[in-house]
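Trainee: Could we go through this one together? I'd like to start with the rings.

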Amino acid sequence: MREPTCVGAFVRDDHNRVFAQRRSADRRLLPGLWDIVGGHVEAGEAPEEALAREIEEETGWKLRRIETVLAEWEWEHDGVVRYERDYLVEVDGDLAAPRLEAGKHDAYAWIGLDNLDLMMAGRTDGDRRLRDLVAKAARTRLTERLRLEPVGPEHVRDLFLLHQDDRVAAWHGRRLTAESARRWAVRGQRGWDQEGVDKWMAYDRQTGELIGRSGLNRTELDGQSRLEISWTVRSDRWGNGYATEMGRAGVEFAFEELGDTAVIAVTDPHNLRSRAVMERIGMSFVREITRDGTRSTLYAIAKPGPGQR
């Protein structure tokens, strides 16, 4: 990776909303626009040192942990090209009371999936890159051991590698080629953009190792649109509870972010491993169905009502 000239921090609250602040109207660079925390890397600074410094200068919070590099990208303003590295981070401090840097920022907001367009305010050039990165950060899910990243073109290689696993390929009936992995990744990003839901790539939070993928998609069942959950784990990681973590995170996303009241899952009747996962995440057997000429087992879970857990 190239050394960045700028760093950015995606700070989230307990509702996975991203902290944004509005640049003062008299700023020379990008006046009046909504931005994330960050700034330039100074001479002699490591990117992580610049990140910690900018977080404290602009909010009063202290960097606790870097979860991952969320993006690396170039942007240009007034003929100057900048190379930026953005991080998903955790901070220490009162998230309800940021200390905005005087003269540089005049307002702040927490950006979730329901108010993403605030990031476009004043951007007459229609540049959606920062808005889309905020969406990616808001849709990223963390479990005890896993980081679930919304699939996009940056995941082509890992999609390809996952589907070279003999047992994964056998289950799905084929191996992905480099081109089919690319199409899948592009289609996944389009699903997130248009439907607000698609696949996540799953990584170990400590090592960054690829574990698998999971996700949600809209499907028709009994003449109704249903939200269906699925998952795939590298075969050498089977039996470690990863599918259960992915499943629970997906169901929670469906209920809390999408507002759905039920989620279904479908598997082969003889796939006792998948059926056990469905039961561990609280799903119940519904009935046998026929899909694409194949007999399958249908499970479902309903959103708990008020006072239920």
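Trainee: How many aromatic pairs are there?
Mentor: The count comes to 8 aromatic pairs. Rings of Phe, Tyr and Trp (its six-membered ring) pair if their centres lie within 6.5 Å; planes under 30 degrees apart count as stacked, over 60 as edge-to-face and the rest as tilted. This is a predicted model, where local features need pLDDT of at least 70, side-chain atom pairs count only at pLDDT 80 or more, and totals for chains, interfaces and linings use all residues. Residues are numbered from 1 along each chain as its sequence is written, and side-chain values use heavy atoms, with hydrogens and water left out.
Trainee: What is the geometry of Phe19 and Trp61?
Mentor: Phe19 and Trp61 are edge-to-face, 4.9 Å centre to centre with 70° between the planes. Phe19 is in strand S2 and Trp61 in the loop between helix H1 and strand S5, 42 residues apart. Helices (H or I, at least four residues) and strands (E, at least two) are DSSP runs, numbered from the N terminus.
Trainee: Which residues do ring pairs link into a cluster with those two?
Mentor: Tyr108 and Trp110 join Phe19 and Trp61 there.
Trainee: New topic: is Arg141 buried or exposed?
Mentor: Arg141 counts as buried because its relative accessibility is 6%; buried means under 20% relative accessible area, exposed over 50%, partly exposed in between (1.4 Å probe, protein chains only).
Trainee: What does its side chain reach?
Mentor: The side chain of Arg141 reaches the backbone oxygen of Ala138 at 2.7 Å.

Definitions and conventions:
Polar contact = N/O pair within 3.5 Å; in protein donor to acceptor, adjacent residues only side chain to side chain.
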